[in-house]
Structure formats: structure tokens, C-alpha cells
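Please view the sequence and the model together.

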Amino acid sequence: MKKIAFGMCLAVSTVAASFTAAAADSPLPGNVRIVIGSTSTGGDTYQVSAIVADALSKKLDINAKVDAVGPTAALQAIAKSTDGSTIMLFHDQSYVGNLYGVRGFPDIFKEYKIGPTVAINPGDAFLVPAKSPYKTVDDILKAAGEGKRIRVAIQPGGTSALGYTALKNAVAVRFPGKEGNVVAVNTGSQADKNQLLFDGNADVINGSVQGNEQYTRLPADDQKAMRFVWITARQQTLQQANPEGMGQTSREQLLTYATPAASVTLDGKKNWAFDKEFFLIYNADIKPEVVAALDKALAEIYADGSIKTTLKKSFFIPNFMPAKDAQGYLKAKADETKVLIDKIK
Amino acid sequence: MDAILSSLDVTYFLLVTLGTVIGILFGAIPGMTATMAVAVCLPMTYALDLNHGLALLLGLYVGGISGGLVPAILINIPGTPSSITTTFDGYPMTKNGEPEKALKLGIASSLFGGLFSAAVLFYFAPTLADWAIKFSYVEKFLIILFALTVIASLCKSLLVGIFSGVLGMWVSLFGVYNMSTGGNGELRIVPEFLSPWLENGFSLLPLLIGLFGLSVIFEEAQKGVHDEHAESVKLAARKRFQWSVFKGQVTNLVRSSSIGTFIGMLPGVGGSAASVLAYSQAKNFSKENDKFGTGHPPGVIASESSNNGLTGGALIPLLSLGIPGDSTTAVLIGAFTLQGIQVGPLFIGENQTTWDVMMIGLVAANLVMFLVMWFAIRHIAKVITVPKYLLYPGIMMMCVVGAYAINSGIMFDVWTLLIFGLFGFVGAKLGLEIAPFIIGFILGPSAEVYFVKSLESFGTLSIFFTKSPIAVFLWVLIALSVGYSIYSHRKNKRLTPSGK
């Protein structure tokens, strides 16, 4: 009996020692939990996070695991971790939520530390039914200017709300006083947004190239058939996508829905466009050596190139920027976004 | 055909089997769910090709949904929310010394429900998906309302039952009106100082386990531990399972499986509504409806065939529209996303091989589930022969671990478990009806969202009556269900001595 107990102790000690050794090589712990600001495992945040986690696991010989817990729980989780054992990956909603005053979204630039950017999803899109009288986003803006009520299905406080705000602002700029004709239909999941379109309870919905492309290929007499009218990504970002685009819609076709072909003015002079960017968020007091280690690892991963192929295959644009640059870049982006939101309040 | 056969290698079937077994274990442990099983194993599929990844996940899905019947029948704790109604008759059968019969009944019904829904998925997926999108917020609200009418048929006292149901709905609304469902993000009912704990309200599973599991343990603790032999349930003498128990139950099986499949294909309505509806309809249509809740086999048949009927149903909108039908298929969609494959209205036509391989996987998972559970059941059923003074601490520990794990380590979930364990214990003494309370709690948030969104979309209450022929038909069903329940209550009152 004593021999068995001794053997078990020895085995446990050996396993524990091997883990300690793995962790000792890097300032990062052997197990890293990447919490994401979405509860969905079918969305773009999970997809990007899984790709990044896989690359980091291989590069640093750690066990990085993605946990889809949602924004509030994710921010609470990293608030307890300064050693890098829990880090967060999310997109612009992390500060857009705060700009819209949504509960549970603190000022991440003050209360957390911004990590490196990793990718852009250029697929944020607005769609209408295939039989809609509005063929382009310009038709929609003109209709609102002529006094027609345009109902836009969005999720409040998210990046889709930003597109709605931009549409409203464009109407305000081109047809002052008519912006009230653009109204939000607040809803949640993509399924709900699609359903609103099927039911005729929304004129325009927010969606994505990835999620809605197949709907745009249905016969026009199908109740489910849709048409892209606007892709919010910047032209130069969308141009970096693979030429084959998504599904059977080529990059060239997609570019006809983005600025400048599809124009949503910001101030009468330049168009508004927005890249949905994914980046890491850390505890404000995270160890500097952890930040440096992740920056270094990701720089090497992106320089190696295979992650870029993986990301582009899934219609993402690789976009690595180290933490020290990302902080200033995203803060400036947030300040610009605040101007738009404040204009339409 | 060659492409299909090349995907169906030994590894494929091993992964289906592995997934099913792990899924059953997840489903059987209170606090662990099919959704959790799929979510935990999802990253593993990144290293597999799509078909092998799907084999594992489909096994987990079917196993996870099916495993919930084991604790529901043996210890009165639903392993998953959709097995709540299995406790109504399954646990009384266990108390009557027939746990093995109840388990086998549940397993066979699960197999029927699973295969029924797989057949419906295979033959009618695109057509049904087109029909499903005719259900707007209004029709979905009416379906929830229809499911809520089960309260009338389940409760002993109509007034107390309705009060308990409304109380459950009220408790379900605690916390923030979630923006991810189109809410306004504002905190309701909860005072600000409690918001750090109750921001997201009470979690379903800890509440469920507390009310069903812990309250029973408190009840037993109050009685005190007596003689070991008196305290453990005896297994009935081993008898060969009589398939004749299904005699006259074909209609129940088909109706319940259809309800499960139908509810599954409506995104957002939820699996619990399926088993609740199937159970209430089985009771309403039965000539022996007074036997429901006392260990009546048709109750187990209805519940288990409907919750497994859900599996194929929830895959219909996923594979025909790219919209997950329930929380587990919402995780399942991640397997496609990770492989960079679009799931939408053209998925089946453009991915014929994947579709065929998935169908084979779904059928295989149901068969594996049946074989694994059927032959293990005699041993599993022996759990109830363990003396309660040994069994209950073990259950309590599992409940606490499960509650803590459900949201990745939130301590408040353990407090929720204890609070509602006490609530169930005290509430039962005060005459509160726990089943209607639970049903109100589960269906409350969906009822709220669909009611509010209907009004936001159409701006008038009359829309609930005039939206479509489907809405009118649902009102007829609701009226019939309520009317029949009232009639049954009155009839039973006349027949019982107190009513004389």
C-alpha cells in the first residue's frame, strides 16, 4: 500500500514539475484562458479567437482555450488576472458599447490595458429584401429624405448600431431635419434580424457577408431572398480580401457595396466607413513581460504567414499591430466614433 | 457516393460513439448539459476535418440530450432542462421500485424521437424551414402561451398553480433586460446594490437543481436518517422488459416526437417548451389523465420522445437557413465556422456529401445512445439501492460542482442552488406548486421578448388575434387546452371524496 502511495506521489510530482518547467520558459502561465465578448461560438469573434489561440498554443507551447462568456463576464474575468492566465479578445463593441452608454461597458481605455490588434472582419453589411424598392444605400437615404420611414434592424449598442447611426447622420447631412425617418428596430440575434425582414417588419437589416451571402443568391421570388446594399468596411480593407470573396460573390462584386461606390456621407465631404477590428484586452495591471511576450509571439506568428492564410480563407483580414501602437490607434478610432455618435444624439 | 463512403471510416464511427458516451455522461450529471458538452469539445474539432468533427459533435448532442433522463428518473433531478417533465412520472416509477423499466421506457422513447426527427430532417428540411419562417414574434409568443397552459393541467389547485407560474415568470425577469435579445439593457426588479450578483438574473440550471434536487434532500434531512434498509428503495425483482408497455402509445410517440421536432425547428422557443407541451398534450388526450404524475409510463414516453425529437428539429433551421434552432445547435454552428464553411439556405445543395454524412452520423448517434444506455441501465439503476445517507451527500456534492461549473466558476450560482433548494423546501410546505413555478421561470423570458417585440413591430394588441391563420389556430389550441384542464379539474373534484 505504501508503495502504491509513494508511486502516486511520484507521478503527481513529475507531472506538476513538467508543468512548472513549461511555464518557467515563458512569462505566460502554461494554461491561458481567452475569454471573448460574445456568448456565441458560431460568430466571428469565436472564429478569430480560435485561430489566434491555436497559433499561440503552438508558438508558446501553452494550452490556450477560448471561452465564450460574453462582454460583461469577460471584463470581470480579466479584472482578476494580472499574470496573463486570463486575457480577453473582442472587437470595437468593447468601446462602442461605452460610447452608447450601455450598462456593463466601462471605458476600456481607462480601466483596462489594450493589447495588440489581430484581425479585421470586413463583412459587416446591411441588406434589404430582394424585392425591395431600394436598390442601393443611396435609394434608402433619398427615401428617408423624401419622408419615407426606414426601419433598420440592429442590435442596440453594438457595431451594427454604429451603421444605423451613420445612416441617420448621412440623412441629417443631406436632408436636414429628416433624420427622424430612419428608425431603429432593436433586436438581438441574426435570426431575429432575418425574421424581421421576412415578415416585412424591417426595411433594412444589419447582417454580414459571411452569414447572409447565400440569401443574396436565392431566386428573387423566394421570401428569404436578400440583397446587399452597403458594406461598412473601408475600401482599402476589403481590397485585401481574397479575390474569390465569399461563397459565389467575388471581391469585386463586394466592393460595389462599399465606399466610395456605396456612399454614406459623414459630413458632406467624406464618406463614413468602419472596419470591425479584433484585439486583445488585458487587466490594467498586467505584468509588462506578459504583454511583451504576447506581442513578440504574435509578431513572429504573423511574420511566419500561415495565420494570414487561415484568416483570409475565412474572410478575415490579418491586421497585427503591437500593444503599444494599438492603444493609441484604437483610442483615436474611438474618439472619431464618439464624434459621430454625439452628432446624432 | 464514393465521397460519402470515404468519409465513413472507422474513425468516424468511433468518434460518434465517443461523442455519444461523453454526451450521456454530461447529460447525466446535474448541472452539465448537452450544450456544455458540445462547447467543451468544439476546439477539438479544429484538429479534425469537418465530417469527423461533426461525428463527434452529433454524438455529444444526442448523448447529452438523452443522458438527462437518468438523474431525472433515478433521483428526481432533471439532468437537462428538457427532461423536467421526465421527473413527473419517471421518479414516481423509481419510488415504486421500477427504475429499470422507467429508464428503458425513456431510452426506447428517446430512440424513437431521435430517429423520427432525423427522418423529418432528411426528407423535409428545406420545406419545413420555409414554413418555420412564417412564425413571427406573434406566433412564437402564442406557442409559448400554449406551453404555459400546461400549468393548468399540472397543478393540483388551479389558483395556486397559476400563482406559482406567475411567480416563476416574475423571478425569471430579474436582472438586465438583455440587449442581445433586443432589450434596453436596463436593470429590472433588482435593487442596484444587488446588481453585482443579479445583473444577469438567476441562472436556470442551479435554480432547477436547487428546486428539484436540494429541496428533496432538505425534506429527507428533516425526517432524519433512519435504518439503512428502510431508507433505500428496493429494485423490483428482475423482469424482462415488456415492450407491450408501448401498446396503445403509437399516437403518443408520434405526437410527442412531432411536437419536439416542430418546436426544435422554431429558433428561440427552446427545448423545455417541447417536452412541456408534449407532456401536457399526452395528459389532455389520455383517458387516464388522473394517473399522470403518479408513475404513468405514457408521461415518460411523451417527455423523452419529444426532447429527442428536438435534435433533428433544431438542425432543420441550422442546415436550411444557417440559424440554430436551440442553444446546442448554436454551439454546433461553430464547427462549420471554424472550418470556414458557410451555413445558409444553399448549404444542403452545395454540400451534399457533408449533409449525407451528417444524416448518417445523426442516425448512428441515436443507435449508439440506445445500445450504450440500454445495456448499462441495470447497473445504473442500482444507484437507488445505495442508502440515502450515502447517496444524498454525493448528490449534494454533484449539485454544487455542477452549479459552480455551469457559468465557468460563478460562486453566486452555488448560492442560487442553495436559495432555491430552501425555497422549494419551504414553498412546498406553504402549498406552492413547484412544477408550475419552474415552467413559468423557463418560459417567462421568451414570453416577454416575443410579447414586447410583437407590440414593437405591430403596435397593437389586436395583432395577436389577427396576424395570420396560424395565430388563430394557436388560439383555438390554447382555448381547448385551458378548457379541457378546467373540465378535468372539476371532474376530478367531483370524483374525490373531498369534492363530494
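The notes below cover the basis of the model, the chain contacts and the backbone geometry.

## Basis

This is a predicted model, in which local features need pLDDT of at least 70, side-chain atom pairs count only at pLDDT 80 or more, and totals for chains, interfaces and linings use all residues. Residues are numbered from 1 along each chain as its sequence is written, while chains are lettered from A and ligands numbered from 1 in the order in which they are written.

## Contact between chains A and B

On chain B, 32 residues are in contact with 39 residues of chain A (contact: C-beta atoms, placed from the backbone, within 7 Å). Helix 3 (34-45) and helix 17 (327-338) of chain B each supply at least two residues of the side that touches chain A. Helix 17 of chain B gives the most, with 6 residues. Helices here are DSSP runs of H or I with at least four residues, and strands are runs of E with at least two, both numbered from the N terminus.

## Backbone geometry

In chain A, the peptide bond between Thr259(A) and Pro260(A) is cis, with omega about 5°. Pro260(A) lies in the loop between helix 11 (251-255) and strand 10 (276-283) of chain A.

In chain B, Asn76(B) is not a glycine but has a positive phi of about 70°. Asn76(B) sits in the loop between helix 5 (69-75) and helix 6 (84-95) of chain B. Ile189(B), also in a loop, between strand 2 (187-188) and helix 11 (195-198) of chain B, has a positive phi near 65°.

Terms used: Two residues are in contact if their C-beta atoms, placed from the backbone, lie within 7 Å.
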